[in-house]
Amino acid sequence: MSVPGVLKQFTRLLRLCVSGRGGKAGLALLAGVLALQLAGIYFSVRLVTWTSDFYGALEKVDARAAVWQIGVFAVIVGLNSARGLTAEYMQKMLHIRWRRSLTEAALGSWFSDRAYWRLSQGDCPRDVDNPDQRIADDCHLFVKGMLEEGIELITKIVAIFSYLILLWSLSTFALGFSVWGFDVSIPRYMVWAAFIYVALSSWLTHMLGRPLQSLFYVQQKREGDFRFSMARIRQSSDEIALMGGENAERASLDRRFDGIVLNWRKLAAREFLLGCFTFPYQHTVLRIPLFVALPGFLAGSIALGGLMQIAMAFSNVVTTLSWFIFSYRPLANLVAASSRLNGFLTAMAAVRRRPSGIARDVSTGGLHVRDLELRTPDGRVLLEIGRLDLQPGETVWLRGQSGLGKTTLMKAIAGGWDHGKGRIRAPAARTLFLPQKAYFPQGDIFGAIAYPGFAEDCDRQDIRAALEAVGLSDADIGRLGGAADGHPLVASDLSGGELQRLALARALVHRPDWLFLDEATSALDDEAEAGLLAMLRQKLPRAAIVIVSHRDPAAIGARRTIDLEARPRPAAAAPELQHA
């Protein structure tokens, strides 16, 4: 990726960090950290001066002056340590503040306009793997890398001027030599040597480490895929165990881990190649200045104390200019995290901007569908409905063969399916959709039944009454976590029938005006289904209940049956209506 592209990504993400909650306080923390880091430059310069004084005392064999300089050294180190620890603590507080802002922005983009749902329906124009990893890990990696490397870069830029002024003032002698009979003299050669030495080293570092950014990107992706696969196995342990799918799942995990190993080896090989240069560079950068300054010492231009002083000043200049070399690996990791996070935000924005052929507006009465054509993301026609009108308070059974698109119709009514064309006017009333696969958030049974609301907003006696109404006894409630606050509800421990009973209890607690049941009783036997449907109609006498089911919900009483045939229909045609 080009440098302007990387800087554009950094700017976008940093703007999100600063514009979040407590943005001004975060900027104040950043200013404090920078001030403390810049104060460290003073202590570095002071240590250069101290070096000359200390070695000068040793050269003169002045024990009293040497002991005094040891005391000065202890004071410098003590004050510098307090400065460094304070800056480190403040930087960690800034890290968590910025990470919270960036995470909130990423979560907001994920949930806004149900982008997370549309992403799962194939609406994303580009591949976005593991949104959970990008939000959880990449936000952390970006803020961590940006603070560490960004603050260090700013400090280095300011420090280099101080160190160059010091080195310029110390390197008053010239380097003289002969080339092909010509005498050459380079004044203040120590300054020019520092720039040439670092420039060549930086160029070589970039040439050796350029592939690291893409390797880090792939490594983060494969690690996320592997972790997600294990999470899916944990969530589907019953199904896997019943089918004896251990070997297949293990083979799948092994293949994913082999991908991790393969890329890791490429990464290790590239880092080894880069380290062949950077490792000796880091361990010689403090000695090279001494060798460079040695001609001046041997020529008698400087004394031993001056030699050590100018060597330290040269080291400060070189190490400051070598920021790019020392930080190349974390910079590559930072760019990879930035690219993944920026790609995620861009994809979420594209999902929200995606034009929908299905127009939606609000109805003051019933649910009205006109000239609706539902398609798959690849353009295949699923279902065509010319006209459909559902009235408040009525009971409707939507009947049709498997694969017809009944569930997709429910998604379109709920506002989560944009593939197709037509118009849907949804009622402006309280609506609850109960799908075949019941979902329960983390928490106890009260929070599970109150979902998508909050347990503290519901009367617990109403929740208990709803659980009893769907056929769960006090013993069942206690087993499911209702006996003690905070006891978690473990959905994987429940049967499909128990999960659907719990989901139906939500309808009794929320009492919606419109209740959509998409195979919401499919895991129950005929007798249990009949009893629950009759109970729902009795408890919710004014609610419109729309049922998608293979079985005839006769027990619910008077209903209207609508056959959704798989054959194409003209735009003006309406589905066949039958009255039970």
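**Stop 1**

Select cysteine 17: it is buried, with a relative accessible area of 1% (buried means under 20% relative accessible area, exposed over 50%, partly exposed in between, with a 1.4 Å probe and protein chains only). Cysteine 139 also counts as buried, at 0% relative accessibility. The sulfur of cysteine 139 is the nearest cysteine sulfur to that of cysteine 17, 7.9 Å away, and cysteine 17 is in no disulfide (a disulfide is a pair of cysteine sulfur atoms within 2.5 Å). Cysteine 139 is likewise in no disulfide. For the whole structure, the count of disulfides by this rule is zero.

Before moving on, note how the values were made. This is a predicted model, where local features need pLDDT of at least 70 and side-chain atom pairs count only at pLDDT 80 or more, while totals for chains, interfaces and linings use all residues. Residues are numbered from 1 along each chain as its sequence is written, and side-chain values use heavy atoms, with hydrogens and water left out.

**Stop 1: the whole chain**

Zoom out and colour by secondary structure. The chain has 19 helices and 12 strands (DSSP runs numbered from the N terminus: helices are H or I with at least four residues, strands are E with at least two). Of its 580 residues, 44% count as buried. Among contacts in the chain with a separation of 6 or more, 76% are between residues 24 or more positions apart (contact means heavy atoms within 4.5 Å).

**Stop 2: the second largest pocket**

What space lies in the second largest pocket? The volume is about 850 Å³.

The terms come from a 1 Å grid over the protein atoms alone: a pocket is an open set of points with protein on both sides within 12 Å along at least five of seven lines, a cavity is a set of points where a 1.4 Å probe fits but cannot get out, and lining residues have an atom within 4 Å of a point. Grid points are joined across faces, edges and corners, and a volume is the space filled by probe spheres set on the points.

Helix 5 gives the largest share, seven residues. The lining has 21 nonpolar, six polar and two charged residues (Ala, Val, Leu, Ile, Met, Phe, Trp, Tyr, Cys and Pro count as nonpolar, Asp, Glu, Lys and Arg as charged, and the others, Gly among them, as polar).

**Stop 3: the largest nonpolar core**

Select Leu434, Leu515, Leu517 and Leu536. Of the 39 residues in the largest nonpolar core, these touch the most other members (such a core is a set of buried Ala, Val, Leu, Ile, Met, Phe, Trp, Tyr and Cys residues joined through side-chain atoms within 4.5 Å). Strand 8 (431–434), strand 9 (514–518) and strand 10 (544–548) are among the elements that each supply at least two residues of this core. Helix 18 gives the most, with eight residues.

Centre the view on leucine 434. Not counting residues up to four places away in sequence, the residues that leucine 434 touches include Ala503, Leu504, Ala507 and Phe516. A second, separate core has 33 residues, among them Ile151, Leu334, Ala347 and Val351.

**Stop 4: the cavity and glutamate 519**

The structure holds one cavity of 30 Å³ or more. Which residues line the largest cavity? Select Leu517, Glu519, Ala520, Thr521, Leu533, Ile547, Val548 and Ser549. Five of the lining residues are nonpolar, two polar and one charged.

Keep glutamate 519 selected. Its place is in the loop between strand 9 and helix 19, and its phi is positive, about 55°, although it is not a glycine. Glutamate 519 is buried, with a relative accessible area of 11%.

**Stop 5: backbone details**

Select aspartate 371, in strand 4 (residues 367–375). Aspartate 371 has a positive phi of about 45° although it is not a glycine, and is partly exposed, with a relative accessible area of 41%.

Finally, select tyrosine 451 and proline 452. The peptide bond from tyrosine 451 to proline 452 is cis, with omega near 10°. Proline 452 is found in the loop between helix 15 and helix 16.
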